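Have the structure open while you read.

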Amino acid sequence: MGIADKNLDEIFDPFYSTKFTGRGLGLAMVLGLIKTWGGAIHVHSIEGQGSTFQIFLPLMKAATEEESHTPNLTTSPKILLIDDDRMFRSMAGMMLEHFGFAVYFAEEGTEGIKIFQEHQNDIVLVLCDLIMPRVDGWQTLTALRAIDPTVKVIMVSGYDHIQGMRSDYPEQPEAFLNKPYTSRKLHETLRQILHDTMPAGTLLRHHEK
């Protein structure tokens with residue numbers, strides 16, 4: 001039915017909705033993916049008639065054998081990704097694997113804690129969503145630090161940094177990322193935390209040029 005002009009600037013915000021309840025249109029995820037691939041999106045909308053979304057992606061040459069990299073769960077550095085949103089898990093997982101990491105996936109905090117207990121010696125970092133049912137990000141962080149006080153954690157949320165990091169919990173993550181984040185921002189944050197343990201993935205070489 002088209003989008004009102006007053007709402008056009010907000011449709012890409014995480015969880016924005018004109019309904020009383022809802023998680024938004026999912027366009028924050030779309031925009032994050034498009035930015036990851038170096039593209040752009042254009043919206044043309046007339047209220048009462050409809051909307052047209054145009055996505056522009058750059059042409060890319062096929063990766064050479066030297067540039068291709070498939071993470072190996074046995075030899076690659078491992079990251080635990082905890083997020084109850086399937087689309088965000090998929091997007092973040094693709095980014096991490098492109099960087100050269102192997103990824104353990106968990107749909108919520110309890111599952112993530114269990115996976116960490118089983119593989120804590122292999123996991124170099126945990127990427128954890130803040131807002132999750134049953135066990136939220138802060139509770140998950142507290143449980144992980146009880147298992148291993150040195151575990152490195154990046155907290156992720158659709159809230160901004162001030163709202164997201166407002167907490168009475170004593171344990172704090174090494175970094176905070178606001179959804180939707182770009183692959184460049186995720187990569188820079190990982191490099192700041194992991195330093196010399198970053199795998200030599202294709203995007204790492206790209207960023208060093």
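1. Strand 3 (residues 78-82) and strand 5 run parallel, joined by five bridges. Leu 80 has Val 126 of strand 5 as its bridge partner. Helices and strands here are DSSP runs numbered from the N terminus, helices being H or I with at least four residues and strands E with at least two. Two strands count as paired if DSSP finds at least two bridges between them.

2. A word on where this comes from. The model is predicted, with local features needing pLDDT of at least 70 and side-chain atom pairs counting only at pLDDT 80 or more, while totals for chains, interfaces and linings use all residues. Residues are numbered from 1 along each chain as its sequence is written, and side-chain values use heavy atoms, with hydrogens and water left out.

3. Strand 5 pairs with strand 6 (residues 153-157) in the parallel sense, over four bridges, and Val 126 has Val 153 of strand 6 as its bridge partner. Strand 6 in turn pairs with strand 7, again in the parallel sense and over four bridges; there, Met 155 is partnered by Phe 176.

4. What is the order of the strands in the open sheet? The five strands run 4-3-5-6-7, with parallel pairing. Strand 4 (102-106) and strand 7 (175-178) are at the edges with a single partner strand each, so one side of each has no neighbour in the sheet. On average, neighbouring strands of this sheet are turned by 20° against each other, direction ignored.

5. Is strand 5 largely enclosed or open? Six of the seven residues of strand 5 (residues 123-129) are buried, so the rest of the structure largely encloses this strand. Buried means under 20% relative accessible area, exposed means over 50%, and partly exposed is in between (1.4 Å probe, protein chains only). Across the protein chain, buried residues make up 41% of the 209 residues.

6. Setting aside neighbours within four places in sequence, Val 156 is in contact with Leu 127, Cys 128, Asp 129, Leu 130, Leu 177, Lys 179 and Tyr 181. Contact means heavy atoms within 4.5 Å. Val 156 and Ile 82 are 74 residues apart in sequence, yet 9.6 Å apart in space, C-alpha to C-alpha.

7. Look next at the loop between strand 5 and helix 5, where Arg 134 is found. Arg 134 counts as exposed, with 67% relative accessibility. Its phi is near 65°, a positive value in a residue other than glycine.

8. Helix 4 (residues 109-119) packs with helix 5 at an angle of about 15°, their axes 10 Å apart. Axes are lines fitted to C-alpha atoms, for helices over the stretch in contact, and angles run from 0 to 180 degrees between N-to-C directions. Helix 4 and helix 5 are therefore roughly parallel; the classes are roughly parallel under 35 degrees, roughly antiparallel over 145, roughly perpendicular from 65 to 115, and oblique for the rest. Gly 109, Ile 113, Phe 116 and Gln 117 in helix 4 meet Thr 140, Ala 143, Leu 144 and Ile 147 in helix 5. By class, this contact has five nonpolar, three polar and no charged residues. Nonpolar covers Ala, Val, Leu, Ile, Met, Phe, Trp, Tyr, Cys and Pro, charged covers Asp, Glu, Lys and Arg, and polar covers the others, Gly among them.

9. Compare helix 3 (residues 86-99) and helix 7 (residues 183-194), which pack at about 55° with axes 11 Å apart. These two helices are therefore oblique to each other. Met 95, Leu 96 and Phe 99 in helix 3 meet Ser 183, Leu 186, His 187 and Leu 190 in helix 7. The residues of this contact divide into five nonpolar, two polar and no charged.

10. Last, helix 2 (residues 27-36). Seven of its ten residues are buried, leaving helix 2 mostly covered. Among what covers these buried residues are strand 1 (40-46), strand 2 (50-56) and helix 3. Helix 2 is followed by Gly 38, with a positive phi near 75°.
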